[in-house]
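Reader: I would like to learn how the words used for a structure are tied to numbers. Could you take me through this one?

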Amino acid sequence: MIIIIGGAFQGKKEYAERVTGISGDQMTDGVECSLEEIYSCQCLYHFHEWVRRKLPDIKDYEQEARKIFEANPELVLIANELGCGVVPVNAFDRNFRETEGRLITCLAGMSSEVHRVVCGIGTVIKG
């Protein structure tokens, strides 16, 4: 698994295309995909949006991360880095931010590579 993280609108998807060779039309959008699609796709972008939609169903983030990794260990996963901003006032948004961060942390521990993208420039932080 390869994880690519970074702030919103920092060029993560384009960076993923360059380093993996997977074109944008071959990528799956977390805004609308199912868990089954995550299990079988090559690359998923907007993972944080999938987490937002599925938050009520995620009871154990470690178990959820394990299921994703075991089902699709070759997945390229692209997600916004949410933990660097202002702490949200809304309880749902705080829970969403924490859950996404913990899921990414678990998946990063299992992944062979983790990249962080800022201003379109990627840095390998694992691998």
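**Rings, sheet and helices**

Author: A search of the whole structure turns up 1 aromatic pair. It is formed by Phe47 and Trp50. Keep in mind that this is a predicted model, in which local features need pLDDT of at least 70 and side-chain atom pairs count only at pLDDT 80 or more, while totals for chains, interfaces and linings use all residues. Residues are numbered from 1 along each chain as its sequence is written, and side-chain values use heavy atoms, with hydrogens and water left out.

Reader: What makes Phe47 and Trp50 a stacked pair?

Author: Rings of Phe, Tyr and Trp (its six-membered ring) pair if their centres lie within 6.5 Å; planes under 30 degrees apart count as stacked, over 60 as edge-to-face and the rest as tilted. Here the values are 5.7 Å centre to centre and 20° between the planes, so by that definition the pair is stacked. Both residues lie in helix α3, 3 residues apart, about one turn of the helix. An α-helix has 3.6 residues a turn, so residues three or four places apart point the same way.

Reader: Why is Glu64 called buried?

Author: Buried means under 20% relative accessible area, exposed over 50%, and partly exposed in between (1.4 Å probe, protein chains only). Glu64 has 9%, so it counts as buried. This residue is found in helix α4 (residues 61-71). Leaving aside neighbours within four places in sequence, Glu64 is in contact (heavy atoms within 4.5 Å) with Leu35, Trp50, Ile58 and Leu103. Phe47 and Trp50 are both buried as well.

Reader: How do you know that the buried residues of α1 line one face of the helix?

Author: In helix α1 (residues 12-20), Lys12, Tyr15 and Ala16 are buried. Seen down the axis of α1, they fall within an arc of 100°, so they line one face. The arc is that of the directions from the helix axis to the C-beta atoms. Their cover includes β1, β4, β5 and β6.

Reader: What makes β1 and β5 a pair of strands?

Author: Two strands pair if DSSP finds at least two bridges between them. Strand β1 (residues 2-6) and strand β5 (residues 113-118) have 5 bridges, so they pair, and they do so in the parallel sense. As an example, the bridge partner of Ile4 in β5 is His115. The names come from DSSP runs, numbered from the N terminus: helices (H or I, at least four residues) and strands (E, at least two).

Reader: Where do these strands sit in the sheet, and which strands are at the edges?

Author: The open sheet of 6 strands has the order β2-β3-β4-β1-β5-β6, with mixed pairing. Its edge strands are β2 (28-29) and β6 (121-126), each pairing on one side only. Helix α3 (residues 47-54) packs on the sheet, touching β3 (43-45) and β4 (76-80), and its direction makes about 75° with that of β4. Axes are lines fitted to C-alpha atoms, for helices over the stretch in contact, and angles run from 0 to 180 degrees between N-to-C directions.
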